[in-house]
Amino acid sequence: MVVYIDLIFLANLFIDAVLLMVTAWMRKIRPVWWRLMASAGIGAMYVVMMFVPELSFLFTFLIKLALSVIMLLVAFGFGSMQKYLRTMGAFYMINFVAAGGILGMHYFLQNTGELFNGIWYTASGGMSFELKIAFWFILCAFGGVMLFFRIVQSSKQRTERMSGFLGQVQVWIGQDHIECTGLLDTGNQLHDPLTRTPVMVMEAALWESYLPASWIQKCSEGNADQLVMELGDESFSWQDRVRLVPYRGINRSHSFMLALKPDRVEVVMNGVHFVHHRVLIGLDGGTLSAEGKYRAIIHPDVTTQEEGSADTNQKRDAHLSEHFTESG
């Protein structure tokens with residue numbers, strides 16, 4: 001059997017470098033490239049040592065643990081014990097994900113004959129498994145597993161960041177009310193130009209049982225201005241609550257949004273309860289979130305206490321400060 005030491009060294013150098021980079025990304029550490037490569041070089045040299053019979057004593061649990069400690073110290077430094085232990089935990093988790101992903105992909109692609117050819121029985125009646133994974137398969141599978149892991153983690157982090165801006169919304173018109181989850185959009189500056197009333201956007205489908213049958217379709221087609229002209233043709237108990245709000249779209253074109261004037265709007269965010277009576281509900285004919293995480297866009301003015309309660313404002317500011325501190 002011919003073993004190419006240089007190829008093994010380069011492959012492990014690449015794998016260790018990627019594992020360390022993913023660890024840095026997950027822990028939000030900006031690594032120094034030469035320290036990261038030096039750490040990866042230490043890990044690659046350790047693998048090469050396995051071909052030296054005199055150094056077989058190095059391949060024990062304690063030595064392997066010590067090596068990972070040294071690699072992380074070289075790559076990221078120490079900082080504090082808490083920070084270092086979290087980095088080590090992330091490093092081992094990524095290693096286990098990579099190893100498990102490669103092994104799972106290997107068995108997923110195996111056929112029945114290859115699987116049973118790797119099983120043999122010992123003289124004592126026990127069963128053993130022989131694992132043979134091609135070198136290039138390891139490299140390709142490793143890259144795929146790390147890419148998939150990063151995509152999943154990015155999606156998780158986005159969801160966690162978004163959760164701090166999600167709130168429960170209740171809109172009351174008389175005895176009727178609609179409940180949904182809303183997303184706070186701090187850049188939303190949509191107001192009724194005449195009264196300067198803030199406009200909170202909701203999916204028109206939420207109001208389907210209260211609106212005339214043809215309204216949902218026309219809202220989705222962007223023909224809200226035509227609905228107001230047709231109010232006399234259809235009986236609608238909320239006719240006096242209907243408003244038309246002009247707005248500018250993403251393509252800078254001007255259009256109109258159908259809006260309702262509710263009796264009150266209640267929003268609960270981060271444990272703080274806001275109640276507003278002076279707000280309009282704009283009806284959007286589409287879907288605001290492709291994943292269905294929210295069905296309303298909360299106007300930032302709605303998350304200020306209408307009555308000017310100092311205690312509530314202080315509580316809100318404390319929650320927002322805590323959220324941004326954790327996000328940072």
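Q: Is lysine 28 buried or exposed?
A: Its relative accessibility is 59%. Buried means under 20% relative accessible area, exposed over 50% and partly exposed in between (1.4 Å probe, protein chains only), so lysine 28 counts as exposed.

This is a predicted model, where local features need pLDDT of at least 70, side-chain atom pairs count only at pLDDT 80 or more, and totals for chains, interfaces and linings use all residues. Residues are numbered from 1 along each chain as its sequence is written, and side-chain values use heavy atoms, leaving out hydrogens and water.

Q: Where is lysine 28?
A: Lysine 28 isn't a glycine, yet has a positive phi of about 60°. Helices (H or I, at least four residues) and strands (E, at least two) are DSSP runs numbered from the N terminus. Lysine 28 sits in the loop between α1 and α2 (33-48).

Q: At roughly what angle do the axes of α1 and α3 cross?
A: Contact (heavy atoms within 4.5 Å) involves Leu20 of α1 and Phe76 of α3, among others. Axes are lines fitted to C-alpha atoms, for helices over the stretch in contact, with angles from 0 to 180 degrees between N-to-C directions. The axes of α1 (residues 5-26) and α3 (residues 61-76) come within 12 Å and cross at roughly 65°.

Q: Which helix gives the largest share of the lining of the largest cavity?
A: A cavity is a set of points on a 1 Å grid over the protein atoms alone where a 1.4 Å probe fits but cannot get out, and lining residues have an atom within 4 Å of a point. Phe76, Lys83 and Tyr84 are among the lining residues here. The largest share, 3 residues, comes from helix α4.

How values were computed
1 Å grid on protein atoms, 1.4 Å probe; cavity = no way out; pocket = protein on both sides within 12 Å on 5 of 7 lines; lining within 4 Å.
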